[in-house]
Amino acid sequence: MTERTQVVRILKTVDGLTCYLAQKRQGRTGTLTVGLVPTMGGLHAGHRSLMERARRENDLVVVSIFLNPIQFAPGEDLARYPQTPSQDLQLCDQVGVDAVFMPTPQGFYGSDSPASAGLTQVVPPAAMMAVLCGPHRPGHFEGVATVVTKLLSLVQPDRAYFGRKDAQQFAIIQRLAQDLNLPTQIVGCPTVREGSGLALSSRNAYLSEAERAEATVLYRGLMAAQAKFKAGERSSPVLIEAVDRTLGQVPAVQPQYVELVHPETLVPLDTVESTGLLAVAAYLGQTRLIDNILLRHRQPILAIDGPAGAGKSTVARQVAKRLGLLYLDSGAMYRAITWKALQQGLDLQDEVAVAELLQDCHLKLAASGDDPAFAAYPSRLWLNDQEVTELIRHPSVTAQVSTIAAQPIVRKVLLKQQQQYGIAGGVVMEGRDIGTQVFPHAELKVFLTASVAERARRRQQDLKAQQLPVESLAALEHAIDDRDRKDSTRRVAPLKKAEDAVELITDGLSIEQVVDKIVLMYEDRVGGVPTHSGANGQR
Ligand code: AMP
């Protein structure tokens, strides 16, 4: 067998990295999307999952391997932290990472002892450092925030990937990106665990076989609390006590804290309303381990994606009605912005003017319910407290909405508003990217599709029904095929079945039959009752 040549580019200096990225960006006609995965080395399957996701979502993937001295307090394990550079590089190579940035502390900070060199430091909000690991690791989050800000500034990635295993770090970095208006999207990835439940960590290398078995009690403790949560318990002290009691069964494990906080703000919670981050830190001998799960109580989410012409919107509306869920009508949201822009006499091509308008557009959707006045509408919509359900159907809006919907800033702002509905759940949404970007944790994802021939037939029938000029089946098939190809290869939100989506091929099925199938799947999967998730830290 011939040895595989290593293709990953190793960059050891800031200048090398800068030059490499400039070359890659220059040598490209369109924009180059870049994903960054910051690590401290000692790579394992947890890191691998971040790298694989970055690989799937970006043109160029940079992994940094840098044991950041300033995030270790004196007396912590900086000097013995697991470092496995040749295995790490092999892993990066296997995943198809493009470049690994592995500078020295001197090269990165301009000093061998950066902690005392009087560097500019990034200081996260005090309240976010006053909980969980903060009080036990003085200077840690300033060190993390500083290194991440420097890496984001150097690489200027479109996306940066972090594990939710370090939930406090993730919340702080998200906040940092928001507060400093950094353009990078901060992506959180689920915690990867061993079969035993033990969260993978570079520090697990410190554990003996016996300790590894004992360490699984952290996850068991979290699961004990989750069982109570599923049974309806909402009080933090009671949930925390469930973890404490489980940890108490293994005397070798010395808990440092068990806390329940809001997953984004990290504010301590007395009771868990919709979501809570339950986190634990404990010592096993000299080894400090952390773990967490998300406790979440919400109605299920149903996400429907699929190629154009598969009947997504008709099906989604009917399914929402049948199941009594809110049809999260993104099209109506784009219409509302269009209507507002037209009201204000804006030039809709002027993206800057539209962007400025967005701050004052607060949208509220509600199911149209049984009110006959709104029976024709999939959902009702208010813009800044004014009901616009009917106004946004005006032909002037219909004629212009695609201009507005194509503007990235509009999509970004509306995505945030759509995700707000995900907190309480109980929604059906259809469209591109719903199962992968908008609601990656939807309980049921359906990829609705039909053969090109079937979609052409349906299109032809629609044209006939609307008394529009009817094209030949061959011409329609050609157009649909072309659209599929464009949709699957386009740079923004390409058509792609989510890994965990159920494919439903609708050839030969009527709308009613498709709706029936989805309703059945939904009832089978989620039983129509609120579900709770977070077993592996996913959100
Ligand atoms: P570290 O090398 O420990 O700084 O980790 C680098 C990145 O990998 C961080 O974003 C971690 O949250 C993430 N990570 C570490 N362990 C895991 C895991 N078990 N599952 C998912 N992500 C992880």
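This report describes selected helices, strands, aromatic pairs and backbone features of a predicted model.

## Basis of the description

The model is predicted: local features need pLDDT of at least 70 and side-chain atom pairs count only at pLDDT 80 or more, while totals for chains, interfaces and linings use all residues. Residues are numbered from 1 along each chain as its sequence is written, and side-chain values use heavy atoms, with hydrogens and water left out.

Helices (H or I, at least four residues) and strands (E, at least two) are DSSP runs, numbered from the N terminus. A residue is called buried under 20% relative accessible area, exposed over 50% and partly exposed in between, with a 1.4 Å probe and protein chains only.

## Helix α18

Helix α18 covers residues 473–489 and has 17 residues. The expected span of a helix is 1.5 Å times one less than its number of residues. For α18 this gives 24 Å, which agrees with its end C-alpha atoms being 24 Å apart.

The buried residues of α18 are L476, I480, D484 and D487. Seen down the helix axis, they fall within an arc of 75°, so they line one face of α18; the arc is that of the directions from the helix axis to the C-beta atoms. An α-helix has 3.6 residues a turn, so residues three or four places apart point the same way. The buried residues of α18 pack against α17 (452–465), where contact means heavy atoms within 4.5 Å. On the face turned away from the buried side, α18 carries the exposed residues A474, H478, K486 and T489.

## The β7-β8-β9 sheet

Three strands, in the order β7-β8-β9, make up an open sheet with antiparallel pairing. Two strands pair if DSSP finds at least two bridges between them. The edge strands, β7 (253–261) and β9 (287–296), each pair on one side only. Neighbouring strands of this sheet are turned by 15° against each other on average, direction ignored. Axes are lines fitted to C-alpha atoms, for helices over the stretch in contact, and angles run from 0 to 180 degrees between N-to-C directions.

Eight bridges pair β7 with β8 (residues 275–284) in the antiparallel sense. In this pairing, V253 stands opposite L284 in β8. Helix α9 (residues 217–230) packs on the sheet and touches β7, β8 and β9; its direction makes about 20° with that of β9.

## Strands β2 and β3

Strand β2 (residues 34–39) and β3 run parallel and are joined by six bridges. V34 stands opposite L60 in β3.

Strand β3 is mostly covered, with six of its six residues buried. In a regular strand the side chains alternate between the two faces of the sheet. In β3, L60, V62 and S64 point one way, V61, V63 and I65 point the other way, and all are buried.

## Aromatic pairs

The whole structure contains six aromatic pairs. Rings of Phe, Tyr and Trp (its six-membered ring) pair if their centres lie within 6.5 Å; planes under 30 degrees apart count as stacked, over 60 as edge-to-face and the rest as tilted. One of the pairs is F66 with Y109, which is tilted, at 5.9 Å centre to centre and 50° between the planes. F66 lies in the loop between β3 (60–65) and α3 (85–95), and Y109 in helix α4 (residues 105–109), so the pair ties together parts that are 43 residues apart in sequence. Both F66 and Y109 are buried.

The ring centres of F374 and Y377 are 6.4 Å apart and their planes stand at 50°, so this pair is tilted. F374 is buried, with a relative accessible area of 11%, and Y377 counts as buried at 15% relative accessibility. One aromatic cluster is formed by F66, F101, F108 and Y109.

## Residue Q94

Q94 is found in helix α3 and counts as exposed at 52% relative accessibility. Q94 and R48 are 46 residues apart in sequence and 9.6 Å apart in space, C-alpha to C-alpha.

## Positive phi values

Most residues other than glycine have a negative phi, and most peptide bonds are trans. N181 has a positive phi, near 55°. N181 is found in the loop between α7 (167–179) and β6 (185–189), and at 66% relative accessibility N181 counts as exposed.

D385 also has a positive phi, near 75°. D385 lies in the loop between β13 (379–383) and β14 (386–387), and counts as exposed at 75% relative accessibility.
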